[in-house]
There are 2 protein chains.
Amino acid sequence: MNDTIKMLLNHRSIRSYKDESLTDEQIHHIVQSAQSAATSSYVQAYTIIGVKDASKKEKLAELAGNQAYVAKNGHFFVFCLDLHRLELAAELEGAAAEQIEQALNSTEMFMIGVIDTALAAQNAVIAAESMGLGICYIGGLRNQLDEVSKLLQTPNRVVPLFGLSVGYPANLSDTKPRLPLANVYHEDGYNQDQSELVDQLQAYDQVISSYYSERTGGARKDRWSEAMAKLLQNPKRLYMKRFLNDKNIPLE
Amino acid sequence: MNDTIKMLLNHRSIRSYKDESLTDEQIHHIVQSAQSAATSSYVQAYTIIGVKDASKKEKLAELAGNQAYVAKNGHFFVFCLDLHRLELAAELEGAAAEQIEQALNSTEMFMIGVIDTALAAQNAVIAAESMGLGICYIGGLRNQLDEVSKLLQTPNRVVPLFGLSVGYPANLSDTKPRLPLANVYHEDGYNQDQSELVDQLQAYDQVISSYYSERTGGARKDRWSEAMAKLLQNPKRLYMKRFLNDKNIPLE
């Protein structure tokens, strides 16, 4: 196993950072790495917003559900799906708005944008971690996207998908055990054997329950399935379809 | 600049591979690396299908638009968004279907699944490239998802998002220049200065036109904006919303 793979397997989210900002050189290396990820048909359908302004960071931390590490870190990035640039490029070529509307409005184009943005973000993460920095993705940024997009002045057809806190780790958390490989990796087709899948999930539930129990002196013993059931029973961000529609992304 | 970042910046898609299969150990390292990526609320909302069966690979190559490197490679992965496992986990906990339906049907949950899957895939790519392997994402897998999902027997709430060819490179292509950093990376808010953005795109168009011209002895001189306009004028995969709906992903 080479050092890069060891680094990947050693990933954990870092939620507490030293009081040291990233240099502009570090930020550029991270952004360039993000841009080097594969992109569907060369569309590069994302914009990355780096937030340095302290009051904006505080506001984003609040909007993301009072997560302190959104404000206190070495740098904060917001990864945005961006179809606005494509629209602009097509207009530069004299394409009429109604001609390109169907493509821009499609569910497929939205998927391309989300995938492109996420691939770029994960490259940014690897670049950051290779420099000894820690990271935490901030999905909580989607809690209140109307406010976030106002604060960051994102135009139509641009969607802030998630934040990324980066910085020098103040505390190392533990890596969290993942699903059994056999449950996630199937060969030649999706494994439709429900009883096998259930057995795997139940074995994993024991692993996770022990993991939490060891770390909390027995106070917490959640199984994975239990956590997932709770998550699904409290649906989140049900305004998303309305928000996307307002931003001219009607998922047609 | 460290070696990992150099590797990231050196990425190019590889479409021609030596006739040498990946070992099971390599495949496992790639999948484990994928699983180590961050995951929203621990959902791990993906399944990776490795395709070894030669006739299935041929069929997938055909479905993806006759791309030979879908069949001829060291290994072929299909990355699937998977909300079926979450549904199963919640059922194991005794959650009633109608209780969890709203979460599973939401646009937000779909976005979580797409992002989770893409982050995992990009980690798989980094692991592969760190072993000296080349890769190519296959978005063409989405050309005919009804057929693909039949072939791979994916259940409801599972969506094959893209393929990934991996193998030892037979030919090294060139890295392709990305958008100017200032066009993609904005500070403290989205840059709304259209004339500045247009200037950047036009400068980039020159770079891309020269790039193609140099490589084709002047036969091809496409600008990036031109390519994007053509792409948008030929909308693709407009069946996607219908397909997702059929798979019980109604994007509510």
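Colleague: Let's start with β2(A). Are its faces covered or open?

Modeller: In this predicted model, both faces of β2(A) are covered. H75(A), F77(A), F79(A) and L81(A) are buried on one side, and F76(A), V78(A), C80(A) and D82(A) are buried on the other.

Colleague: How many residues of β2(A) are buried, then?

Modeller: 8 of the 8 residues of β2(A) are buried, so the strand is largely enclosed by the rest of the structure.

Colleague: Which sheet does β2(A) sit in, and what is the strand order?

Modeller: β2(A) belongs to an open sheet of 5 strands, in the order β3(A)-β4(A)-β2(A)-β1(A)-β5(B), with mixed pairing. Two strands stand at the edges: β3 (134-138) of chain A and β5 (185-187) of chain B. Each of them has a single partner strand, so one side of each is left without a neighbour in the sheet. From one strand to the next, the twist averages 25°.

Colleague: How does β2(A) pair with β1(A)?

Modeller: They run antiparallel, with 6 bridges joining β1 (residues 46-51) to β2 (residues 75-82), both of chain A. If you want to find the pairing on screen, V51(A) stands opposite F76(A), and Y46(A) stands opposite L81(A).

Colleague: And how many bridges link β2(A) to β4(A)?

Modeller: There are 8 bridges between β2(A) and β4 (residues 158-167) of chain A, and the pairing is antiparallel. One place to look is H75(A), whose bridge partner in β4(A) is V166(A).

Colleague: What about the strand from chain B: does β5(B) run parallel or antiparallel to β1(A)?

Modeller: β1(A) and β5(B) run parallel, joined by 3 bridges. In that pairing, G50(A) stands opposite E187(B).

Colleague: What is the strand order in the open sheet that includes β5(A)?

Modeller: That order is β5(A)-β1(B)-β2(B)-β4(B)-β3(B), again 5 strands in an open sheet with mixed pairing. The edges are taken by β5 (185-187) of chain A and β3 (134-138) of chain B, each with a single partner strand, so one side of each is left without a neighbour in the sheet. Here the twist averages 25° from one strand to the next.

Colleague: How do β2(B) and β4(B) run there?

Modeller: β2 (residues 75-82) and β4 (residues 158-167) of chain B run antiparallel, with 8 bridges between them. F79(B) has F162(B) as its bridge partner in β4(B).

Colleague: What else is F79(B) in contact with?

Modeller: Leaving aside neighbours within four places in sequence, F79(B) is in contact with Y46(B), I48(B), T117(B), A120(B), A121(B), L161(B), F162(B) and L164(B).

Colleague: Which residues have the most contacts inside the largest nonpolar core?

Modeller: Those are F79(A) and F79(B), in a core of 170 residues. As background, nonpolar side chains tend to be buried together in soluble globular proteins.

Colleague: Switching topic: how many residues of the two chains are in contact with each other?

Modeller: 98 residues of chain A are in contact with 98 residues of chain B. On the chain A side, helix α7 (residues 107-130) supplies the largest share, 12 residues. The residues on that side divide into 54 nonpolar, 30 polar and 14 charged.

Colleague: At what angle does α5(A) pack against α10(B)?

Modeller: Helix α5 (residues 84-92) of chain A and helix α10 (residues 194-215) of chain B pack at an angle of about 70°, with their axes 11 Å apart. That makes α5(A) roughly perpendicular to α10(B). L88(A), A89(A) and L92(A) meet L197(B), V198(B) and L201(B), and the residues of this contact divide into 6 nonpolar, no polar and no charged.

Colleague: And where do the axes of α5(A) and α11(B) come, in distance and angle?

Modeller: They come within 8 Å and cross at roughly 100°, α11 being residues 224-233 of chain B. That makes α5(A) roughly perpendicular to α11(B). The contact is made by L86(A), A89(A), A90(A) and L92(A) on α5(A), and by W224(B), S225(B), M228(B), A229(B) and L232(B) on α11(B). Its residues divide into 8 nonpolar, 1 polar and no charged.

Colleague: Last one: what does chain A come to overall, in helices and strands?

Modeller: Chain A has 12 helices and 5 strands. Its C-alpha trace spans about 60 × 50 × 40 Å along its principal axes, and 52% of its 252 residues count as buried.

How values were computed: Residues are numbered from 1 along each chain as its sequence is written. Chains are lettered from A and ligands numbered from 1 in the order in which they are written. This is a predicted model: local features need pLDDT of at least 70, side-chain atom pairs count only at pLDDT 80 or more; totals for chains, interfaces and linings use all residues. Two strands pair if DSSP finds at least two bridges between them. Helices (H or I, at least four residues) and strands (E, at least two) are DSSP runs, numbered from the N terminus. Axes are lines fitted to C-alpha atoms, for helices over the stretch in contact, and angles run from 0 to 180 degrees between N-to-C directions. Two residues are in contact if their C-beta atoms, placed from the backbone, lie within 7 Å. Ala, Val, Leu, Ile, Met, Phe, Trp, Tyr, Cys and Pro count as nonpolar, Asp, Glu, Lys and Arg as charged, and the others, Gly among them, as polar. A nonpolar core is a set of buried Ala, Val, Leu, Ile, Met, Phe, Trp, Tyr and Cys residues joined through C-beta atoms within 7 Å. A residue is buried if 20 or more other C-beta atoms lie within 10 Å of its own, exposed if 12 or fewer, and partly exposed in between; C-beta atoms are placed from the backbone. Angles under 35 degrees count as roughly parallel, over 145 as roughly antiparallel, 65 to 115 as roughly perpendicular and the rest as oblique.
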